[in-house]
Amino acid sequence: MLTAETTSDKLAVIEKVEEILKRTETKRFLLHIWIQYPEIKSLTFEDNYEYDDNGSYFRYIFLNQIEFINEEAKEDLHERLDPDNIFDEELEDWKEMIFQGIQPIVDPESMLETFTRPENPQKELDNLIAEISQVIASAGGAS
């Protein structure tokens, strides 16, 4: 039987998971990029506010800089993402090829910060999943 105390404990666990997800939103986005594209060494983003068709402001995030592990990796990734050679190698072209129309998820406080690929992005993702799993498992005793 659920009591007010166990319900409160379970809600606290949900809030803790939400806090972890919010706190790691940029990191999770970047880990996904680095796992999917090991050729990329670092990324720097910038944002701007622009008007949409309805006259409202929206935040637009764009690549300020992209660095590859080496020139060969850059060429290989360009060939993999753009086999028909439609795009150039300008920053906006790389943004389109890498993010495929999806707006990058980057904390506004992190604009112009250079994010460098970790040594093992998959391990960092696994550690994050383990952290979330441990928080969820802590709710197992409250029933």
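**View 1. Salt bridge between Arg-23 and Glu-131**. In this predicted model, the closest N and O atoms of Arg-23 and Glu-131 are 3.0 Å apart; a salt bridge is a side-chain nitrogen of Lys or Arg within 4 Å of a carboxyl oxygen of Asp or Glu. The pair joins distant parts of the chain, with Arg-23 in helix H1 and Glu-131 in helix H5 (residues 121-137), 108 residues apart. Helices are DSSP runs (H or I) of at least four residues, and strands are E runs of at least two, numbered from the N terminus.

**View 2. Salt bridge between Arg-23 and Glu-19**. Here the closest N and O atoms are 3.1 Å apart. Both residues lie in helix H1 (residues 4-23), 4 residues apart, about one turn of the helix. Lys-16, Glu-19, Arg-23 and Glu-131 are linked in a network of salt bridges.

**View 3. Salt bridge between Arg-80 and Glu-39**. The N to O distance is 3.1 Å. Arg-80 is in helix H3, and Glu-39 is in the loop between helix H2 (25-36) and strand S1 (40-51). Arg-80 is partly exposed at 43% relative accessibility, while Glu-39 is buried at 13%. Buried means under 20% relative accessible area, exposed over 50%, and partly exposed in between (1.4 Å probe, protein chains only).

**Notes.** Residues are numbered from 1 along each chain as its sequence is written, and side-chain values use heavy atoms, leaving out hydrogens and water. Local features need pLDDT of at least 70, side-chain atom pairs count only at pLDDT 80 or more, and totals for chains, interfaces and linings use all residues.
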